[in-house]
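Student: I have a structure to look at. Could we go through the terms and how they apply?

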Amino acid sequence: MSNRTTKQQPPERKSKQDQHLITPFQTLRDLPTQLDQAQCVLHKHEILICGGRNEQTCYSYDTLKNEYKFICDYPSHVKLHGHCVMRLIDNNNKDRNQITLLSFGSMSYGKNKHTLVMKYVSVWSNILNKSNEPNNYNQWVPFTDNHNHSIIIGRDDDDYAGACALIGGKNNNLLFITYYLDNISVFDLNSFQFIKYDKLPIIDLIWYHCFISTSKNEQGQEMMKTNKQNYQMLLFCKKTGLSIEYDEDNNNFQFHQLHVCDDIEQLNRYAYVCINDTILFFGGLNNGIGSKLLHKYLIREDKLVILENTLPCPLYGCVAILNEEDNHIYTSLEEKITKGHHYQLT
């Protein structure tokens, strides 16, 4: 199974004159299978594609080789429906070749919850083949506490279908979860317990929304002046725009309303990525109809505007990832992945 690899010749180079006539998006190798609501994590020059709605298989996409390779399947009992996958931050891990992924979620109404972790080592390397020691690398296993007891994140009635989550806090041990209808909670990854539940001051329900950290930008610089003890986030979904501050010392939230323009207030399920002090939104879904529009939100100015460029086809139920090494944004388009050139933002 681990030798499943798909290849494609690199795309032909275009002349400078031709480049002015083509879309800023370049179509890459077809995905091995159709994916909806896929979750992706960047690891060096790999994009780890961790399942999707009714799809258990995980792949690594090598951005340099333009190839895919099979990683593993989710356990057969796990049902994926708008799940969350993210990289756990281990300040004591000195091995840059290994990362740990966390996957959690549920079906509608909180049914069939799962919480799993994966120790990932690149499937493109020979590290695993050289090791004679048994290991649990590159497979999903139960998330356990310090006593090896399995932990399932979420209460019985917490509906994590379409939830979004972030890892932050002073020690990167806090899991912030925003989920249907209007909920936000904080789970301590060190104590394996929830330490905060709260309600968002919104009218629209949230799911398949935008949820990002703005405490620091990709270069580690402060983007928005705030108390050093506060962790700052932004949330967008249809008509809702919120600035969220979490005071870790006092364990409380503060919420502030943000501007949302008419063009995006009917949309959710868009892909999004944060570049410096700007959020880019790709597509979205409006009453069952996919959008080709691109929007950007200027964080410092609290301004959300539509861009002139459009997507090559309607896009929703997907993910966008910024690869700083090649200055490209990668987004999934159901059966394809497209690579969009880095935007010059003004």
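Tutor: Start with pairing: two strands pair if DSSP finds at least two bridges between them. Strands are DSSP runs of E, at least two residues, numbered from the N terminus. This is a predicted model, where local features need pLDDT of at least 70, side-chain atom pairs count only at pLDDT 80 or more, and totals for chains, interfaces and linings use all residues. Residues are numbered from 1 along each chain as its sequence is written, and side-chain values use heavy atoms, with hydrogens and water left out.

Student: What makes strand 8 and strand 9 a pair?

Tutor: Strand 8 (residues 98-105) and strand 9 (residues 114-121) share 8 bridges, in the antiparallel sense. The definition asks for at least two, so they pair. Serine 103 stands opposite leucine 116 in strand 9.

Student: Why are strand 7 and strand 10 called edge strands?

Tutor: The open sheet has 4 strands in the order 7-8-9-10, with antiparallel pairing. Strand 7 (84-88) and strand 10 (141-142) each pair on one side only.

Student: How do you know that strand 5 pairs with strand 6?

Tutor: Strand 5 (residues 55-62) and strand 6 run antiparallel, joined by 6 bridges. Tyrosine 61 stands opposite tyrosine 68 in strand 6.

Student: Why is strand 6 called largely enclosed?

Tutor: Buried means under 20% relative accessible area (1.4 Å probe, protein chains only). In strand 6 (residues 67-73), 6 of the 7 residues are buried, so the rest of the structure largely encloses it.

Student: Why is histidine 295 called buried?

Tutor: Histidine 295 has a relative accessible area of 0%. The cut-off is under 20%, so histidine 295 is buried. Its place is in strand 22 (residues 289-298).

Methods:
Buried < 20%, exposed > 50% of the residue type's maximum accessible area, 1.4 Å probe, protein only.
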